[in-house]
Amino acid sequence: MRWTAPPERREIVLVLVSITAYLLAYNIETSLSYVGIDPVAAQGAVFRRIGLGKTKVLGRDGRKPSGWRDRLELEIFGSWGWDENHISGDGDERRQSKGTGRHGAQWIERREARALDSRRFGEDTVNDSFRSWKDDIPLVNVVKHVPGYTILDNAIVYNGTVFLVTEDKSSLPPVKSIVETTGSSHDQWQVVTKTEALTQVGKYGGFISGVSWMSLNDRPCNTTLVDLWRVYSSLDQKIDAQGHTSLPPPRRLIFPRLPYFSDPDPEDAAQEPERPRTDTGLDHFLLKAAFAQLDVQYRQDWQDYHKMSVPFVFERLVISDRSAAAQSVNDGQPENSPPFALEASSHWWEPVRRTLVSYFDRLGDEASDADGGDSGFWGRSKSKKVIAFIDNQSDSTKSGKSAMIPEDYDWLARSLRKLGRDNGYEVHVISTSSVDTTWEEKMDVIIRSTIVIGVHGDHLFDAMWMRPSSKATLMELFPQGTYSGDRELVMRALGLNYMAWWTDEYVDRDISTKII
């Protein structure tokens, strides 16, 4: 037969079958879907038929085909059904009780969920900046109080006075136990009735939402942060070892009695170099690392509130006044003792400490150490013990404060380094001078330290950032016959060990209580 002869019947059938097979294969997914077969499952079945034991093919629901799902995938994703354009699930989960099912989850309708999602403390919008209370003026609520340390709701600031509005004046603690110094160059603090307040304050004003901290100390204090948090943390006694807390972060820290700058205002500010900021006792870097949301305000900011033509209501105000606290403590007892008597979780400091540790990206190291870390042959952790010697020799010599005799200083530094070499410890000598040691270098060492040692002074309060453990210890060196319990109070409240020394003599607590 010539090649130009018309095709035979069987040849025509063969061509049509070939074209049909090609079209079906080329559009396999559409073809199978048309006849009601899951194309992904079919493809997986083909792979398995030809001997391929695994598949990377995923269905439109994000899971492997039903024939390819192993126990791990079923554990992670579950075996729920899914119809296109519908929420995944079999429907049973919508009826299960709370705490049942694979994950103990509970299905809640949107309407019910909204009802459960109540407004969190401090949440507001721009529309809530000013409020009209008419005759229903906000009443003060004393949430917590010990002398010098108070948590107040609805304190009203207006025209040089802080108003505490109440129906019963006798229900509030004496003003002198909240704030010791009032009047003259400072604010007035008044307890007034609703009627008196409406006459003096008016029927509307600004609303400062969230938690505000206020330090009424008129001199730098290194314990301001820990004192305020100790009072505030008493509101959540369920803080755990991982630092989980229900407390919203403070939004602002106010120093009503400290100016922003420590030097006098210049006549021509444009010609001045960078001006020294007031020493609050808190490092400016520390505040930003531990409380990134915190806004710091000073005397000028506080005075602005009083110069406004309307009152401002502070939703929650946590107050620290060491002068007021000093009126209630025994002779020689640290002024900031009262808040440490409040009931609180044993892990009350962890939310703040772990935030700072996170700043240095060291939480992973802590978790590794807690789990045993990289262990040696006998199962002992390979992580080194860290000893930090806080060296204030240079600063103390310049300022005339207490410093070690040069020969003793050299001997101690040499001995610590030898101790490190002989025992495999990591020893650091960190200076209190920012010229010699930056804040980040210093704190990165302290948060990893097991022992912090140094000559007595407020610079040793940095030891509060050590990780709590049975071995974490602050060793404070005092001149013979002297002692101060300021650092001991804080360290023991944090669960850290404390030791005071006179040269080579350990000062036990019985002796120290007699000295102070």
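Colleague: Hi! What should I know before looking at the residue numbers and values?

Modeller: Residues are numbered from 1 along each chain as its sequence is written, and side-chain values use heavy atoms, with hydrogens and water left out. The model is predicted, so local features need pLDDT of at least 70, side-chain atom pairs count only at pLDDT 80 or more, and totals for chains, interfaces and linings use all residues.

Colleague: Great. Which strands make up the open sheet, and in what order?

Modeller: The order is β11-β10-β12-β13-β14-β15, six strands with mixed pairing. Strands here are DSSP runs of E with at least two residues, helices are runs of H or I with at least four, and both are numbered from the N terminus. Two strands pair if DSSP finds at least two bridges between them.

Colleague: And which are the edge strands?

Modeller: β11 (426-431) and β15 (505-507), as each pairs on one side only.

Colleague: How do β12 and β13 pair, in the parallel or the antiparallel sense?

Modeller: Strand β12 (residues 451-455) and strand β13 (residues 473-478) pair in the parallel sense, over five bridges. Looking at one residue, G454 has E476 in β13 as its bridge partner.

Colleague: Which helix packs on that sheet, touching β10, β11, β12 and β13?

Modeller: That is α15 (residues 406-423), whose direction makes about 165° with that of β10 (386-391). Contact means heavy atoms within 4.5 Å. For the angles, axes are lines fitted to C-alpha atoms, for helices over the stretch in contact, and values run from 0 to 180 degrees between N-to-C directions. Helix α16 (residues 439-446) lies across β10 and β11, at about 145° to β11.

Colleague: New topic: how many residues does the largest nonpolar core have?

Modeller: It has 60, and W213, W349, L356, M464 and W465 have the most contacts inside it. A nonpolar core is a set of buried Ala, Val, Leu, Ile, Met, Phe, Trp, Tyr and Cys residues joined through side-chain atoms within 4.5 Å. Buried means under 20% relative accessible area, exposed is over 50%, and partly exposed is in between, using a 1.4 Å probe and protein chains only. Helix α8 (residues 224-233) gives the most to this core, with six residues.

Colleague: What does W349 touch?

Modeller: Leaving out residues up to four places away in sequence, W349 touches V226, W229, M464, W465 and L494.

Colleague: Is P250 buried or exposed?

Modeller: P250 counts as buried, at 0% relative accessibility. P250 is in the loop between α8 and β7. It and W229 are 21 residues apart in sequence and 9.5 Å apart in space, C-alpha to C-alpha.

Colleague: On to charges. How many salt bridges are there in the whole structure?

Modeller: A search finds 16. A salt bridge is a side-chain nitrogen of Lys or Arg within 4 Å of a carboxyl oxygen of Asp or Glu. One of them joins E335 and R219 (3.3 Å, N to O). E335 lies in the loop between α11 (322-326) and α12 (350-359) and R219 in the loop between β6 and α8, so the pair ties together parts that are 116 residues apart in sequence.

Colleague: How exposed are those two?

Modeller: E335 is partly exposed, with a relative accessible area of 25%, and R219 is partly exposed too, at 43%.

Colleague: What about D462 and K442?

Modeller: They form a salt bridge with the closest N and O atoms 3.2 Å apart. D462 is in the loop between β12 and β13, and K442 is in helix α16. Both are buried.
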